[in-house]
Amino acid sequence: DVTEIEEKEAQAKQEEQILKEQELSNLLHEKRYLKALGLAISLDRPHTVLTVVKAILREPEGRRHLEENIVRLRRDQKEAVLAFLVTWNTNSRNCHEAQAVMETLLRHEAPDTLLQFSGIKSAVESLLPYT
């Protein structure tokens, strides 16, 4: 019977998730946005990533800080953010943040690099009607 082992594994995953969420909350409170972005992306939380982006943009010189943080993300993280911003862009409440992130990606990534992102074709097709 593996029920007990599965329950322990599920409980361990849940505890780990709670710890990561607490860490994310602490990072936001401490304004350590790069780590907060990375953690939210690794947790696959588009809304949390959006919350971090909004927090950055509320700062004085928020656009510059956003740019600094987005540029420092790894390629796989940028791909995830691109996928997230496609959804954000469809909602008028979040479209400004989506456009700010997209602008940063377009400014700092070479076209050839952007073309190599996974899902770039569908992302562009989805972004065009709303942009």
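Author: Let's start with a term: helices (H or I, at least four residues) and strands (E, at least two) are DSSP runs, numbered from the N terminus. In this predicted model, the protein has eight helices and zero strands. Residues are numbered from 1 along each chain as its sequence is written. Because this is a predicted model, local features need pLDDT of at least 70, side-chain atom pairs count only at pLDDT 80 or more, and totals for chains, interfaces and linings use all residues, while side-chain values use heavy atoms, with hydrogens and water left out.

Reader: What pattern does the protein follow along the sequence, and what does its C-alpha trace span?

Author: The pattern reads α-α-α-α-α-α-α-α. Along its principal axes, the C-alpha trace spans about 55 × 35 × 25 Å.

Reader: Which residues does the UniProt domain annotation cover?

Author: UniProt positions are given in the numbering used here, feature names are shortened, and annotations may be inferred rather than shown by experiment. Here the unreviewed entry carries "domain: U3 small nucleolar RNA-associated protein 13 C-terminal" over residues 21-131. Over that range the chain is 76% helix and 0% strand, with its end C-alpha atoms 32 Å apart.

Reader: How should I read burial, and is Leu24 buried or exposed?

Author: Buried means under 20% relative accessible area, exposed over 50%, and partly exposed in between (1.4 Å probe, protein chains only). Of the 131 residues of the protein, 37% count as buried. Leu24, in helix 1, counts as buried because its relative accessibility is 5%. Glu16 also lies in helix 1, but at 43% relative accessibility Glu16 counts as partly exposed.

Reader: What does Leu24 touch?

Author: Contact means heavy atoms within 4.5 Å. Not counting residues up to four places away in sequence, Leu24 touches Ala36, Leu39, Ala40 and Thr48. Leu24 and Ala36 are twelve residues apart in sequence and 5.6 Å apart in space, C-alpha to C-alpha. Across the protein, residues 24 or more positions apart account for 60% of the contacts with a separation of 6 or more.

Reader: Is Lys78 buried or exposed?

Author: Lys78, which lies in helix 5, is buried, since its relative accessible area is 9%. Leaving aside residues up to four places away in sequence, Lys78 touches Ile70, Val71, Leu73, Leu105, Glu109 and Phe117.

Reader: How many residues does the largest nonpolar core have?

Author: A nonpolar core is a set of buried Ala, Val, Leu, Ile, Met, Phe, Trp, Tyr and Cys residues joined through side-chain atoms within 4.5 Å. The largest one here has 35 residues, and those with the most contacts inside it are Leu37, Val49, Leu82, Leu85, Trp88 and Val101. Helix 5 gives the largest share of this core, seven residues. As for Leu82, its contacts beyond four places in sequence are Leu105, Phe117, Ile120, Ala123 and Leu127.

Reader: What volume does the largest pocket have?

Author: On a 1 Å grid over the protein atoms alone, a pocket is an open set of points where a 1.4 Å probe fits, with protein on both sides within 12 Å along at least five of seven lines; lining residues have an atom within 4 Å of a point. Grid points are joined across faces, edges and corners, and a volume is the space filled by probe spheres set on the points. The largest pocket has a volume of about 220 Å³. Of its 13 lining residues, the closest to the centre are Met102, Leu106, Ile120, Val124 and Leu127.

Reader: Which helix supplies the largest share of that lining?

Author: Helix 8 does, with five residues.
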